[in-house]
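Hi,

Here is the structure I promised to send over. Have a look at it first, and then read on for what turned up when I went through it.

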Amino acid sequence: MSHPYGGRSHYSVVIVGGGQAGLSLSHCLQQRGIDHLVIEKRSLVHTWRTQRWDSFCLVTPNWQCQLPGWSYLGSDPHGFMVKDQINEWLAGFVDHVKAPAIEGVTVERVSRDGERERFNVQTDAGLYTADQVVVASGGYHRPIVPRLAEKLPAGVRTPFGHTHSQQEEIYVIAEGSGRIKLDDEVHDLRQWDILRIGPGVMRNLEAGSDGITLIAFGAPLGEENDGEIVPGWWSDGE
Ligand SMILES: Cc1cc2nc3c(=O)[nH]c(=O)nc-3n(C[C@H](O)[C@H](O)[C@H](O)COP(=O)(O)OP(=O)(O)OC[C@H]3O[C@@H](n4cnc5c(N)ncnc54)[C@H](O)[C@@H]3O)c2cc1C
């Protein structure tokens, strides 16, 4: 493996993750003259480009956007930046910090090297060692699945219908019973029924007296979202 920054593989500090937290720490360490390396598995501050929807807008006002040495200086401090503006502002932060960073490298394991009182940082591009490791890898790694998604409780009808323009889905009724409305038709469902629902079909589920658990299968469509949700689509007493 070839190491950047003069071929070094040992640093006083290794920072896992090149988001705003990792870069903020890099800025502070640079001010104190502490050598370090930021290891980022994709690209610096990519989450704001790759994990936000097109119409995304901050929920925090612009005046609150204050990173170390990098504040919002625009003309609308009480406004809320939209996706492109945030990314432009963060690109400025990346230029400002000039972190010693490697991108496209994933940290796979951090362990203590007891004998030498330092850490081994195993990456998919080889081993680094550090006196200290700071994990700044973000806070959204475990998906939160609402309880409602595990099982639709007795008598509950989902408050929206939905359809997909391209996706074909297979539903397996894993437990319970209920009904499903597919376009104009309502069908009863029992455990182990299997439904194949083509693109363009609007569907809405209702649990029977013992609730219903459904497993949905669909081919991956990458980051594209081809779904449409229609609140209150099955609102009559059928
Ligand atoms: C939908 C959404 C809306 C939000 N809206 C706002 C808002 O309006 N205002 C606000 O202040 N905050 C908002 N936040 C919160 C804000 O985005 C986060 O608090 C912030 O991005 C956290 O920065 P971070 O550097 O800790 O993590 P991240 O930005 O998640 O960065 C972590 C980095 O670590 C990298 N990484 C992870 N694992 C590894 C690994 N094993 N090896 C190497 N690199 C790794 C990732 O690729 C990533 O680049 C929002 C968050 C979300 C998800």
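The buried residues of α2 are covered by elements that include β1, β2, β3 (66-67), α4 and β8. On the helix itself, the buried positions are Gln 20, Gly 22, Leu 23, Leu 25, Ser 26 and Leu 29. Bear in mind throughout that this is a predicted model.

Just past the end of α2 comes Gly 33, with a positive phi of about 70 degrees.

α2 also turns up around the ligand. There are 23 residues in that shell, and the ones that come nearest are Gly 17, Gly 19, Ala 21, Ser 137 and Gly 138. Both α2 and β2 supply at least two residues of the shell, and α2 gives the most, with three. If you sort the shell by class, you get eight nonpolar, 11 polar and four charged residues.

In soluble globular proteins, nonpolar side chains tend to be buried together. Here the largest nonpolar core has 28 residues, and Val 14 and Ile 39 are the ones touching the most other members. At least two residues each come from β1 (10-16), α2 (20-31), β2 (36-40), α4 (83-97) and β8 (126-135). α4 has the largest share, with five residues. Which residues does Ile 39 touch, once those up to four places away in sequence are set aside? They are Val 14, Val 16, Ile 102, Val 105, Val 107 and Thr 123.

On the overall layout, the chain is divided into domain 1 (10-135) and domain 2 (147-229). Taken over C-alpha atoms, the centres of domain 1 and domain 2 are 40 Å apart.

Start with Asp 113, in strand β6 (residues 107-113). Is Asp 113 buried or exposed? Asp 113 counts as exposed, because it has 11 C-beta neighbours inside 10 Å and the limit for that class is 12 or fewer. Leaving out residues up to four places away in sequence, Asp 113 touches Arg 118, Phe 119, Asn 120 and Thr 129. Between Asp 113 and Ile 170 there are 57 residues' separation along the chain and 49 Å between C-alpha atoms.

Next, Glu 117, which sits in the loop between β6 and β7 (118-123). Glu 117 is not a glycine, yet its phi is positive, at about 55 degrees. Glu 117 counts as exposed as well, because it has 8 C-beta neighbours inside 10 Å.

Trp 192 is another residue other than glycine with a positive phi, in this case near 75 degrees. You will find Trp 192 in the loop between β11 (185-189) and β12 (194-197). Trp 192 has 9 C-beta neighbours inside 10 Å, so it counts as exposed.

While you are there, look at His 187, in strand β11. With 11 C-beta neighbours inside 10 Å, His 187 counts as exposed. Its contacts, leaving aside neighbours within four places in sequence, are Arg 179, Ile 180 and Leu 182. His 187 and Pro 153 are 34 residues apart in sequence, and 18 Å apart from C-alpha to C-alpha.

Last one: Asn 87, in helix α4. Asn 87 is partly exposed, because 17 other C-beta atoms lie within 10 Å. Setting aside neighbours within four places in sequence, Asn 87 is in contact with Trp 48 and Arg 49. As for Ala 136, it is 49 residues from Asn 87 in sequence and 19 Å away in space, C-alpha to C-alpha.

That's everything from me for now.

Cheers

Notes:
Residues are numbered from 1 along each chain as its sequence is written. This is a predicted model: local features need pLDDT of at least 70, side-chain atom pairs count only at pLDDT 80 or more; totals for chains, interfaces and linings use all residues. A nonpolar core is a set of buried Ala, Val, Leu, Ile, Met, Phe, Trp, Tyr and Cys residues joined through C-beta atoms within 7 Å. A residue is buried if 20 or more other C-beta atoms lie within 10 Å of its own, exposed if 12 or fewer, and partly exposed in between; C-beta atoms are placed from the backbone. Helices (H or I, at least four residues) and strands (E, at least two) are DSSP runs, numbered from the N terminus. Two residues are in contact if their C-beta atoms, placed from the backbone, lie within 7 Å. Domain bounds come from an automatic or database domain assignment. A residue is near a molecule or strand if its C-beta atom, placed from the backbone, lies within 6 Å of it. Ala, Val, Leu, Ile, Met, Phe, Trp, Tyr, Cys and Pro count as nonpolar, Asp, Glu, Lys and Arg as charged, and the others, Gly among them, as polar.
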